[in-house]
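Thank you all for coming; I would like to walk through one model this morning, element by element. Please have the sequence and the structure open while I talk.

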Amino acid sequence: MPVSDSMISALIELKRADDAGLVAQLTGQLRNLIATGHLGKGHALPSSRRLADDLGVSRNTVTYAFEQLAAEGYLAASHGRRPVVTADGGAPGDGVGADVSGARPAKPHLSPWASKLKQTDWPMSYQAPLKPLRPGHGDAREFPNEIWARCLRRSAVHAARRELGPVNRTRLCEVLAHYLATSRGVRATEGQILILPSAQAALTLIAAALITPGDDVWVEDPGYPGAAAAFRASGARVTGMRLDEQGMQRMPGLTAPKLIFMTPSHQHPTGRLMSLARRTEFLRASRPGKTWIVEDDYDGEFHYDSRPVPALQGLDAHGRVFYVGTFSKAMTSDIRLGYLVVPPALVNTFEIAQRHIGLIASSHVQEALAEFIADGHFLAHLRRMRRLYHARRDHLVGELERLLGEIFSVEVPSGGIQLVARLKRGRGDQAAVRRLAEAGVVTRAVSSLSLGKPRDHGLLLGFAAWRESEISAALRTMASCF
Ligand SMILES: Cc1ncc(COP(=O)(O)O)c(C=O)c1O
């Protein structure tokens with residue numbers, strides 16, 4: 001029922017301490033009453049003097065609100081007359097404007113994509129505080145911020161002089177094509193490289209462009225939950241493939257899927273390196289144009305015990321492999337830059353899809369990074385971090401054996417930024433994670449990274465981001481908890 005004249009002031013509630021000024025509050029609330037149909041077309045509002053008295057505000061406050069609503073087309077206000085509502089609002093409770101009826105908002109009907117996203121606990125499960133021994137990070141404290149700041153500054157200063165090319169075709173593509181060829185054995189022209197805000201953006205783009213609901217996707221089990229979540233949300237049937245010492249295995253009897261996601265350089269979370277035989281087996285099993293492989297090389301820059309093993313993408317002669325990378329681990333996670341090397345046949349489709357979804361990274365930051373890499377700062381930083389992280393890995397392994405050797409067995413990864421400490425007895429890794437978090441040590445339960453019934457129980461521990469003294473202190477706390 002429309003609101004009577006005398007009820008208007010009762011429906012308006014102004015908060016003096018509110019950040020929004022009184023005029024803004026009054027304008028907004030009157031606008032809502034009109035938009036929701038509580039004040040219908042033709043309804044005469046109280047005079048500014050009367051409303052100001054009722055609300056205990058100055059007359060100017062009310063006059064300004066009326067003027068604003070008149071300018072927006074909600075009211076006709078003329079001097080000496082009560083303003084009249086001119087806009088046709090909806091019926092009360094029909095959902096136009098804010099609801100002042102007090103009714104509970106209706107449950108939104110989400111798309112299948114958003115509904116499926118809500119069924120996973122990723123990324124919530126990855127949002128623990130940044131404290132020792134949280135996995136998944138390099139040490140941001142070691143990043144050469146002064147040099148990076150100079151690159152950023154030069155990029156901004158030169159912005160006006162840069163030629164405006166197609167969106168996202170910056171010098172970074174060219175520099176990255178050279179870096180990936182020489183350091184990771186990736187075979188790609190710069191035209192195949194899309195710069196994105198993250199590796200996760202690359203996975204979402206691949207899922208959006210390739211997955212039809214019902215398609216089969218294979219992932220590693222245990223594996224990276226962000227990938228499973230992205231493919232599931234697009235409607236894929238995601239199946240986890242067990243690991244052995246050579247990495248992901250092909251389960252016998254399954255027909256080839258639409259897509260296989262893998263982390264062959266350092267399997268996430270175990271850090272295992274996929275053998276050459278296994279890489280070849282997967283490549284043979286993926287028919288060109290039918291089965292795609294997505295290689296996520298999230299921390300492939302960090303190898304400690306031997307020369308880095310080249311990317312699987314470099315072995316592919318038929319354009320079946322997407323290669324995904326990120327600067328989140330090699331630089332800092334807040335740099336928000338990743339990339340996707342797209343098979344030649346799909347470059348055009350992916351460029352269009354990227355533009356539609358709007359997953360474009362800032363060209364200022366891209367230019368700064370191109371300079372950072374071209375001038376040798378990136379490789380210098382990697383060299384320094386390799387030495388540092390290598391020592392931290394060895395320190396963590398030594399301390400784990402010394403202080404917690406009875407409880408955990410450690411599989412020492414040949415590279416990467418984290419390792420798995422397996423529980424020798426028992427299966428309570430999730431309870432252990434909770435207990436340790438209360439004591440101030442952040443870890444991740446390996447069983448939570450499985451799609452089905454977990455076989456492995458243990459803790460994923462980060463070593464790259466933490467100083468040796470921090471690692472020792474965290475392990476002493478762990479020892480006192482077990
Ligand atoms: C295996 C793996 N891939 C991708 C990512 C995501 O990287 P980005 O921050 O660039 O999305 C992570 C982050 O933890 C990861 O562990």
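Let me start with Ser48, which is buried at a relative accessible area of 14%, where buried means under 20% relative accessible area, exposed means over 50%, and partly exposed is what falls in between, with a 1.4 Å probe and protein chains only. The side chain of Ser48 makes a polar contact with the side chain of Arg59, at 3.1 Å. By polar contact I mean a pair of N or O atoms within 3.5 Å, where within protein one must be able to donate a hydrogen and the other to accept it, and where residues adjacent in sequence count only if both atoms are side-chain atoms.

A word on where this comes from: the model is predicted, local features need pLDDT of at least 70, side-chain atom pairs count only at pLDDT 80 or more, and totals for chains, interfaces and linings use all residues. Residues are numbered from 1 along each chain as its sequence is written, and side-chain values use heavy atoms, with hydrogens and water left out.

Now to the sheet. Seven strands form an open sheet with mixed pairing, in the order E3-E11-E10-E9-E8-E4-E5; the edge strands, each pairing on one side only, are E3 (193-196) and E5 (237-241). Neighbouring strands of this sheet are turned by 20° against each other on average, direction ignored; here axes are lines fitted to C-alpha atoms, for helices over the stretch in contact, and angles run from 0 to 180 degrees between N-to-C directions. Two strands are said to pair if DSSP finds at least two bridges between them, and strand E4 (residues 216-220) is joined to strand E8 (residues 259-262) by two bridges, the strands running parallel. Within that pair, Val217 stands opposite Leu259 in E8.

Next is helix H8, residues 199-210. Ser198 caps the N-terminal end of H8, with a side-chain oxygen 3.5 Å from the backbone nitrogen of Gln200.Strand E13, residues 418-423, is mostly covered, with six of its six residues buried. Which residues cover its two faces? On one side they are Gln418, Val420 and Arg422, and on the other Leu419, Ala421 and Leu423, all of them buried. Strand E12 (residues 408-411) is joined to E13 by four bridges and runs antiparallel to it, and the bridge partner of Val410 in E13 is Ala421. E12 and E13 form a hairpin with six residues between them, and Gly416 in the turn has a positive phi of about 90°. Five bridges join E13 to strand E15 (residues 458-462), again antiparallel, and there Ala421 stands opposite Leu459.

His268 lies in the loop between E8 and helix H10 (276-285), and counts as buried at 5% relative accessibility. The peptide bond from His268 to Pro269 is cis, with omega near 15°, and the peptide bond from Trp122 to Pro123 is also cis, with omega near 10°.

I will finish with two helices. Helix H13 (residues 377-404) and helix H15 (residues 468-481) pack at an angle of about 25°, with their axes 10 Å apart. That makes H13 roughly parallel to H15, given that angles under 35 degrees count as roughly parallel, over 145 as roughly antiparallel, 65 to 115 as roughly perpendicular and the rest as oblique. Ala473 is found in H15 and is partly exposed, with a relative accessible area of 32%. The C-alpha atoms of Ala473 and Pro132 are separated by 8.9 Å, although these residues are 341 residues apart along the chain.
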